[in-house]
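Good morning, and thank you for coming. Please look at the sequence and the structure as I go through the strands and then the contact between the chains.

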Amino acid sequence: MAKTPFDQNHKLHRLLFVTVIVGSGQGEAIAKILKDNEAYFCLFMHGKGTAPGSALEMLGLSDNRKSIVTSVVKEDRWPLVRAALESRFAVSSLAKGLAYAVPIDALMGVSTYKMLSNTRFDELKQAKKEMKELNKNGK
Amino acid sequence: MASKKELVICIVNHGFTDLVMESARKAGARGGTVLTGRGTGNKDMEKLFGVVITPEKELVLIIVDEDIRDAVLKEVNAGAGMNTNGQGIAFSIPVTDVVGLNENVIKRPIAAEENNEGGDNGQE
């Protein structure tokens, strides 16, 4: 029997590729915001900012090191992520940063979609719960 | 007219970028760019297994034609996907415009030569 395509019996969520650029050392806080909004993974990279600076930069005392955090979130989660990031950026001048999201066009496969949209983890949790209930009833 | 392009992004374990590029080339991709980073997995998953994992990851960026995008993703899945040691995930995002790809550099002088030849013929 032919297998039913995944999109015919599941509701598909559009995914966004999110990039956040913040000062060095702020990456963990950003990752927490993303994880709280069901991001499956975060990838940290290091970079250097080139924006024109102040007198400190002329003296070579400015810190232009940046943390770049990339992740994938569901589109319906983006307004929440955006609001959380805006409030995070407003904490202090050190926490300032910028973020952008690009819609994902294609994915490697159904399993990748399940991972990135946290479907697989939800399924695992559900299965675990069902197993517990079964064991309880069995006893 | 140049075809539409897509940026394929592949995140793999450190040291497995060759697998990604090898697979992508099979489907017609040319070159890629590798960035290194530190990945964090799902916290709940970490709790489930009781270990905190912060592995070193590599991000491969490949610009491909839109018509070979699916083939490239499929090959990368087969060669460096979750079922391999690379444990890669790949997806693509649209690219509005591209400058500096080899095909543009080659095509322009040829087109210019053809125009010159046409001009000469007209004078004769």
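In this predicted model, strands E2(A) and E3(A) pair in the antiparallel sense, and 7 bridges join them. As an example from this pairing, please find Met45(A), which stands opposite Ile68(A) in E3(A).

E3(A), residues 65–74, also pairs with strand E1 of chain A, residues 15–23. Here too the sense is antiparallel, and the pairing extends over 9 bridges.

Let us return to E2(A), residues 42–48. Which strand of chain B is joined to E2(A) by 3 bridges? The partner is E2(B), and these two strands run antiparallel. Within this pairing, Leu43(A) has Gly39(B) as its bridge partner.

I now turn to the contact as a whole. How many residues does each chain give to the contact? Chain A provides 20 residues and chain B provides 28 residues. On the side of chain B that touches chain A, the elements giving two or more residues are strands E1 (5–13), E2 (33–40), E3 (56–65) and E4 (89–95), together with helices H2 (43–49) and H3 (69–80), of chain B. Of these, E4(B) supplies the largest share, 6 residues. By residue class, this side of chain B consists of 13 nonpolar, 8 polar and 7 charged residues.

Thank you for your attention.

How values were computed. Residues are numbered from 1 along each chain as its sequence is written. Chains are lettered from A and ligands numbered from 1 in the order in which they are written. This is a predicted model: local features need pLDDT of at least 70, side-chain atom pairs count only at pLDDT 80 or more; totals for chains, interfaces and linings use all residues. Two residues are in contact if their C-beta atoms, placed from the backbone, lie within 7 Å. Helices (H or I, at least four residues) and strands (E, at least two) are DSSP runs, numbered from the N terminus. Ala, Val, Leu, Ile, Met, Phe, Trp, Tyr, Cys and Pro count as nonpolar, Asp, Glu, Lys and Arg as charged, and the others, Gly among them, as polar. Two strands pair if DSSP finds at least two bridges between them.
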